[in-house]
Amino acid sequence: MKDAAEPRARRAVPARPPGPFRRSFWRSPVRGPWLTSVLGLVLLGGVPVLFVTGLLSYAAYDPGLSPVNDTTTGKGWLGFYLFSWPTHPEWLYRVNQGVHVTLGLVLVPILLAKLWSVLPRLFEWPPLRSPAHALERLSLFLLVGGGVFEFATGIMNIQQWYVFPGSFYSLHFYGAWVFTAALAAHAALKFPAVIRALRDRGLLRELRVGTARTEPEPLDASYLVSPAPAAPTISRRGALAFAGAGSLVLLALSVGQSIGGPLRRTALLAPHGQADDGGPGGFQVNVTMAESGVRAGQTGASWRLALGRTGPAAGNPVILTRAELLAMPQHTARLAINCVEGWSTGDQEWTGVRLRDLARLAGADQPPSVLVESLQRGGAFSRVVLSAGQVSDPDSLLALRVNGTDLSPDHGYPARVIVPASPGVHNTKWVAAMTFGS
Ligand code: HEM
């Protein structure tokens with residue numbers, strides 16, 4: 001069948017395959033620059049927030065402090081913005097990750113709707129008309145591929161489906177730069193089309209149009225407009241509401257994992273469950289003791305903490321038992337464990353020895369950093385380096401107890417680090433040694 005709407009030059013291309021490669025295959029009367037532009041504007045509002053919170057999430061690991069902390073060692077000048085992560089406000093990392101993960105989920109229906117709205121372009125024929133057209137398609141490949149890659153890897157990570165061909169952190173970090181650069185170029189190039197589409201139909205005017213009065217846009221407005229539109233079964237307003245409702249459902253089923261309290265029960269999509277198991281140590285963990293490979297024999301009566309120092313004054317480490325730690329001045333701080341995956345335990349009451357007191361005991365007054373090592377062997381975060389600000393904060397603890405009882409094995413018994421506003425994985429569990437910098 002001939003495609004009546006094809007321009008003559010295009011019709012001359014011999015082997016146009018049937019089906020989606022013919023423009024008349026695409027029949028939705030709502031497809032066109034208006035819907036694509038509105039969905040694009042929503043993404044333009046959300047994606048930069050994802051980009052900035054994502055970059056901040058990387059900065060929160062303090063990669064500049066030590067290669068031990070760096071999840072993306074080959075970043076080069078892409079790390080130009082890094083800074084020493086603060087300990088206050090205490091909710092900083094919780095809000096950053098909550099926004100990053102929740103917004104990422106909420107934008108999925110909008111991204112899918114946007115991709116649906118431009119689907120005919122995927123089947124453009126001929127696929128490559130000229131070098132310029134090839135370049136344009138390459139930029140769209142980076143945009144769509146980058147977008148799908150970022151959303152997919154992010155969701156796989158929070159669902160703990162670690163099947164990446166490399167480090168999730170590096171893949172997601174580089175992917176973010178590619179996607180954001182492609183999006184910036186796309187938004188700039190399409191800006192005149194967005195203005196035109198919104199001026200022609202008006203934003204609010206079109207939102208008042210119901211299904212019965214929904215009309216296709218003029219055929220010459222864009223390649224996306226169907227030359228053979230079917231009768232409308234949904235208005236543009238309805239299409240936006242459908243995508244928006246999907247976003248609201250995802251918001252309602254996920255945000256509780258970051259906010260906590262009674263809302264935790266609503267987070268049906270949370271991989272760590274909705275409720276605390278009850279009891280003082282019943283709040284979430286990422287890695288259990290069994291998963292970490294730490295054996296009960298290592299955390300019993302024979303456990304010792306080694307406090308060392310680097311540099312010429314290093315000397316022999318100070319060795320402490322748990323009883324000796326409990327005999328030191330104890331401090332209590334209400335802090336949350338905030339996971340890179342967006343969930344938070346909510347504030348818990350931790351009691352233990354201040355890190356700065358341990359530094360003094362090791363002979364290091366105001367050390368520039370401390371290397372904390374876990375009994376756990378292997379694993380990306382079994383060793384971390386904390387900054388001077390993190391060591392000196394009065395609420396930074398080597399916690400021995402939580403909510404009035406000894407730490408449970410899964411929460412890091414005999415001793416774990418807890419530092420305000422730091423990523424959960426920097427709150428090392430089953431601590432074996434701390435070496436203060438000079
Ligand atoms: C996740 C982000 C986005 C993806 C994956 C995406 C993808 C696409 C694709 C594949 C096309 C078809 C190719 C073309 O017509 O050039 C397109 C078209 C378009 N996009 Fe986007 N886009 C995104 C964000 C945006 C943003 C932020 C805006 C504007 C602020 C926007 C506005 C437009 C417009 C106006 C068109 C042209 C529609 C037409 O042909 O009439 N897009 N987009």
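How many residues of domain 1 are in contact with how many residues of domain 2?

**Figure 1. Overview of the predicted protein chain.** The model is predicted: local features require pLDDT of at least 70, side-chain atom pairs count only at pLDDT 80 or more, and totals for chains, interfaces and linings use all residues. Residues are numbered from 1 along each chain as its sequence is written. The C-alpha trace spans about 85 × 45 × 35 Å along its principal axes. The secondary structure comprises 14 helices and ten strands; these are DSSP runs (helices H or I, at least four residues; strands E, at least two), numbered from the N terminus.

**Figure 2. The two domains of the protein chain.** Domain 1 covers 8–265 and domain 2 covers 289–436, with bounds taken from an automatic or database domain assignment. Their C-alpha centres lie 41 Å apart.

**Figure 3. Contacts between domain 1 and domain 2.** In domain 1, 28 residues are in contact with 25 residues of domain 2; two residues are in contact if their C-beta atoms, placed from the backbone, lie within 7 Å. On the side of domain 1 that touches domain 2, α3 (92–106), α5 (131–158) and α9 (256–259) each supply at least two residues. Helix α3 gives the most, with eight residues.

**Figure 4. Residue classes on the side of domain 1 that touches domain 2.** This side has ten nonpolar, 15 polar and three charged residues. Ala, Val, Leu, Ile, Met, Phe, Trp, Tyr, Cys and Pro count as nonpolar, Asp, Glu, Lys and Arg as charged, and the others, Gly among them, as polar.
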